[in-house]
Amino acid sequence: MSIPLRALDRAVEIVNLKKTFDGKDFVVNGMNLAIPKGSLTVIIGFSGTGKSVLIKHMLGLHRPTSGSLKVLGQEISNMSTEDLVRMRCRFGVLFQGAALFDDMTVLENVCFPLQEHRREWSLKKITEIAEQKLRLVGLDSKHYHKMPNQISGGMQKRTGLARALALDPEIIFYDEPTTGLDPILTEMVDNLILNTHQSRKGMTSVVVSHDLEAAFRIGDYIAMLDSGRCILFGTPEEFFKTDIELVRRFVNKGMKHA
Ligand SMILES: Nc1ncnc2c1ncn2[C@@H]1O[C@H](COP(=O)(O)OP(=O)(O)O)[C@@H](O)[C@H]1O
Ligand SMILES: [Mg+2]
């Protein structure tokens, strides 16, 4: 596995991580992975290979059975709940559904994390920042006072992303952000992820995706998981050139359907 030597600064560093839920099967089974700070890294792999479980470890939602997992230089695996809460203020998260609060407007949804974690700020300042994030993700101001069920799926994604960006995260995690979307919306969301990444200098983006074409298009690096391990980490070019049979099968299959 080639970890770039220049990647001295690592946003995520995982060493020999293992996780079993039942004491028998290891869903994460000796994972080593280093994600360079400031990169957009796409995690790919067949269904059930532990991608979501891995992301949940990075967020501190699962505790590893053994091994080390550092995010932004901090060991997450044995962190207290209190420290985790503080740590998560430095994270942005967007999962498959936008998970908006149904009973809040678009703007209120984006204000929410600011009201929770920037208590010293005035409502005026919070609103300004929230509007700035909504502009960043390309949502027109005429939608700010609508409820989530009054806007399209694409706009809901934009709102979810604006909310994820509210606290100016140092690292943002996406788990299957385009699963279930039509091809046009998929491309829109992929571009949104890429543009957001490029507009926030130094931010690390970690994207779990089943969409190989997108991985090659937007990823600085790709990590392929299999059986709870990372079997290849590298640039898109390295993925095209690899001799690893399983990676070749995945790439050929994915690109044919793309
Ligand atoms: N909370 C859990 N308890 C027990 N098993 C789980 C749990 N979450 C995931 N798994 C199992 O871990 C494996 C990997 O799941 P997951 O990370 O969701 O795969 P994917 O790569 O498709 O995201 C699957 O076999 C799944 O059934
Ligand atoms: Mg998953």
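Helix α4 (residues 123-136) and α5 cross at roughly 130 degrees, and their axes come within 9 Å. The model is a predicted one. Helix α5 spans residues 153-165 and also packs against helix α3, residues 106-117. A further crossing joins α5 to α6, a helix that runs over 183-199. The structure also holds one cavity of 30 Å³ or more, and its largest pocket has a volume of about 590 Å³.

**α4 with α5**

- On the α4 side the contact is made by Lys133, Leu134 and Leu136, and on the α5 side by Thr159, Ala162 and Leu165.
- Sorted by class, the contact of α4 with α5 has four nonpolar residues, one polar and one charged.

**α3 with α5**

- The axes of α3 and α5 lie 8 Å apart, and the helices pack at an angle of about 25 degrees.
- That angle is under 35 degrees, so α3 and α5 are roughly parallel to each other.
- α3 and α5 form a right-handed crossing.
- From α3, the residues Val106, Asn109, Val110 and Pro113 meet Thr159, Ala162 and Arg163 of α5.
- The contact of α3 with α5 has four nonpolar, two polar and one charged residues.
- Thr159 and Ala162 of α5 take part in the contact with α3, and Thr159 and Ala162 are also among the α5 residues in the contact with α4.

**α5 with α6**

- The axes of α5 and α6 come within 10 Å, with a crossing of roughly 20 degrees.
- This angle makes α5 roughly parallel to α6.
- The crossing in which α5 passes α6 is right-handed.
- α5 brings Gly153, Gly154, Lys157, Arg158, Leu161 and Leu165 to the contact, while α6 brings Leu185, Met188, Val189, Leu192 and Thr196.
- By class, the residues of the contact of α5 with α6 are six nonpolar, three polar and two charged.
- Leu165 of α5 is part of this contact with α6 and is also part of the contact with α4.

**The cavity**

- A search of the whole structure finds one cavity of 30 Å³ or more, and the largest cavity has a volume of about 30 Å³.
- Its lining is made of Leu94, Lys157, Leu161, Tyr174, Val189, Leu192 and Ile193.
- Both α5 and α6 supply at least two residues each to the lining of this cavity.
- The largest share of the lining, three residues, comes from α6.
- The lining of the largest cavity has six nonpolar residues, no polar ones and one charged.
- Lys157, Leu161, Val189 and Leu192 line the cavity and also belong to the contact between α5 and α6.

**The largest pocket**

- The pocket, with a volume of about 590 Å³, is lined by 22 residues.
- Those that lie nearest its centre are Arg88, Phe91, Gly92, Val93 and Arg163.
- Two or more residues of the lining come from each of α2 (81-88), β6 (91-94), α3 and α5.
- The lining of the largest pocket divides into 15 nonpolar, four polar and three charged residues.
- Arg163, one of the residues nearest the centre of the pocket, is also one of the α5 residues that meet α3.

How values were computed: Residues are numbered from 1 along each chain as its sequence is written. Chains are lettered from A and ligands numbered from 1 in the order in which they are written. This is a predicted model: local features need pLDDT of at least 70, side-chain atom pairs count only at pLDDT 80 or more; totals for chains, interfaces and linings use all residues. Side-chain values use heavy atoms; hydrogens and water are left out. Axes are lines fitted to C-alpha atoms, for helices over the stretch in contact, and angles run from 0 to 180 degrees between N-to-C directions. Helices (H or I, at least four residues) and strands (E, at least two) are DSSP runs, numbered from the N terminus. Angles under 35 degrees count as roughly parallel, over 145 as roughly antiparallel, 65 to 115 as roughly perpendicular and the rest as oblique. A crossing is left-handed if the near helix is turned anticlockwise from the far one by less than a right angle, and right-handed if clockwise. Contact means heavy atoms within 4.5 Å. Ala, Val, Leu, Ile, Met, Phe, Trp, Tyr, Cys and Pro count as nonpolar, Asp, Glu, Lys and Arg as charged, and the others, Gly among them, as polar. On a 1 Å grid over the protein atoms alone, a cavity is a set of points where a 1.4 Å probe fits but cannot get out, and a pocket is an open set with protein on both sides within 12 Å along at least five of seven lines; lining residues have an atom within 4 Å of a point. Grid points are joined across faces, edges and corners, and a volume is the space filled by probe spheres set on the points.
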